[in-house]
Amino acid sequence: MDKDILNAIEEKYKSAGQDPNTYLKGLLHNKYLNYWDYIEVDTLLSLQKPRTNFSDEPIFIMYHQVTELLLKLITHEVKQIVDNPSIEISVFANKIERVNRYAGILTQSFSVMREGMDYDQYNQFRLSLAPASGFQSAQFRFLELYFTDVHLLVNSRVKNQVNAESEMNYLFDNLYWKDAGLDHKTGKKSLLLQHFEDKYIDSLKATANIYKGKNVYQRYLKLNQNDDEVKKLKIALRDFDNTYNVVWTLAHLKTAEYYLNSKGENKAATGGSEWQKYLHPSYQRRIFFPELWTKEEIENWGK
Ligand code: HEM
């Protein structure tokens with residue numbers, strides 16, 4: 001046996017006040033690891049619980065789960081950027097490239113929804129899902145706060161009147177996504193929105209406060225824009241803004257149009273939003289990194 005390894009083991013446990021022999025004897029009895037325990041395959045495969053007997057409903061569930069895992073992979077990378085104030089630029093850029101790979105998978109695979117389910121089955125099993133909607137994906141909303149400033153995520157009615165110093169509660173009252181379920185005249189909220197806010201609004205606000213001034217966009221703006229590495233990072237960030245906020249958004253909207261409006265019936269969505277207007281990228285104008293785009297590119301966002 002390698003003496004250096006034995007010495008390192010001895011050193012590790014002794015420095016923690018432990019007897020190394022206890023741990024070495026424990027190794028004798030340890031079971032071998034196997035794939036199914038490590039990957040938690042049984043748990044993973046037991047998480048699909050359709051609400052109807054339609055054979056295509058599990059596809060809908062699993063594809064949403066795949067999306068949540070990819071959003072978790074994006075979160076995993078972006079948190080390492082925003083939580084590390086001294087990250088090297090090359091590592092920052094590398095992480096955004098990883099994020100782009102995941103966002104690419106999300107956009108390329110959306111055909112699983114658009115072409116991979118039977119139209120009539122979808123339109124029947126979806127009726128048992130109201131008032132739930134992918135709108136209630138919390139990871140989607142937390143990611144926005146890791147990537148950009150809250151004042152850039154407000155609706156177009158107040159966008160020109162707010163800035164980084166605006167009051168957080170005011171910004172939250174005017175987040176663009178409230179338009180999916182808030183009647184701005186009466187203040188009445190749809191169930192979709194009420195349920196989501198009851199569960200997540202406090203932690204979303206706490207996250208917004210933590211990452212104010214240190215989200216990905218702010219971190220980028222503080223770098224020297226003439227540095228070659230920063231130029232590379234800029235390309236990767238533009239790529240992400242476009243893939244996530246335009247390409248994915250349009251693939252999603254086209255899918256909604258196919259199932260809910262291809263025969264001109266304009267069906268109500270499970271979440272009850274005015275989805276044809278709300279889901280369009282040119283209406284939402286969700287742009288994480290506005291400084292990276294020209295005035296013209298911003299005007300034509302999502303068109
Ligand atoms: C047949 C497939 C799909 C259809 C027809 C569809 C339809 C819709 C509609 C109509 C909305 C607006 C809210 C509402 O009134 O319900 C919405 C929102 C949303 N959906 Fe989907 N969706 C589909 C698949 C997915 C998938 C696979 C995901 C991945 C998690 C997803 C994530 C979202 C998100 C994040 C929103 C909020 C978008 C935003 O605020 O910009 N959807 N969806």
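The axes of helix 5 (residues 57–82) and helix 6 (residues 89–108) come within 9 Å and cross at roughly 170°; axes here are lines fitted to C-alpha atoms, for helices over the stretch in contact, and angles run from 0 to 180 degrees between N-to-C directions. Helix 5 is therefore roughly antiparallel to helix 6, a label given to angles over 145 degrees. On the helix 5 side, the contact involves Thr-67, Leu-70, Leu-73, Ile-74, Glu-77, Val-78, Gln-80 and Ile-81. Helix 6 contributes Phe-92, Lys-95, Arg-98, Val-99, Tyr-102, Ala-103, Ile-105 and Leu-106. Two residues are in contact if their C-beta atoms, placed from the backbone, lie within 7 Å. By class, this contact has 11 nonpolar, 2 polar and 3 charged residues. Ala, Val, Leu, Ile, Met, Phe, Trp, Tyr, Cys and Pro count as nonpolar, Asp, Glu, Lys and Arg as charged, and the others, Gly among them, as polar.

The model is predicted: local features need pLDDT of at least 70, side-chain atom pairs count only at pLDDT 80 or more, and totals for chains, interfaces and linings use all residues. Residues are numbered from 1 along each chain as its sequence is written.

The chain as a whole has 16 helices and 0 strands, which are DSSP runs (helices H or I, at least four residues; strands E, at least two) numbered from the N terminus. Its C-alpha atoms fill a box of roughly 75 × 55 × 35 Å along the principal axes. Of the 303 residues, 23% are buried, with 20 or more other C-beta atoms within 10 Å of their own C-beta atom, placed from the backbone (exposed: 12 or fewer; partly exposed: in between).

Around the ligand there are 24 residues, the closest being Ser-133, Gly-134, Ala-269, Gly-271 and Ser-273; a residue belongs here if its C-beta atom, placed from the backbone, lies within 6 Å of the ligand. Helix 5 and helix 13 (228–261) are the elements that give two or more residues to this shell, and helix 13 supplies the largest share, 4 residues. The shell holds 12 nonpolar and 12 polar residues but no charged ones.

Helix 1 (residues 3–15) is hardly covered, with 0 buried residues among its 13. After helix 1 comes Gly-17, with a positive phi near 75°.

Phe-140 is found in helix 9 (residues 138–147). Phe-140 is partly exposed, because 16 other C-beta atoms lie within 10 Å.

Terms used
Angles under 35 degrees count as roughly parallel, over 145 as roughly antiparallel, 65 to 115 as roughly perpendicular and the rest as oblique.
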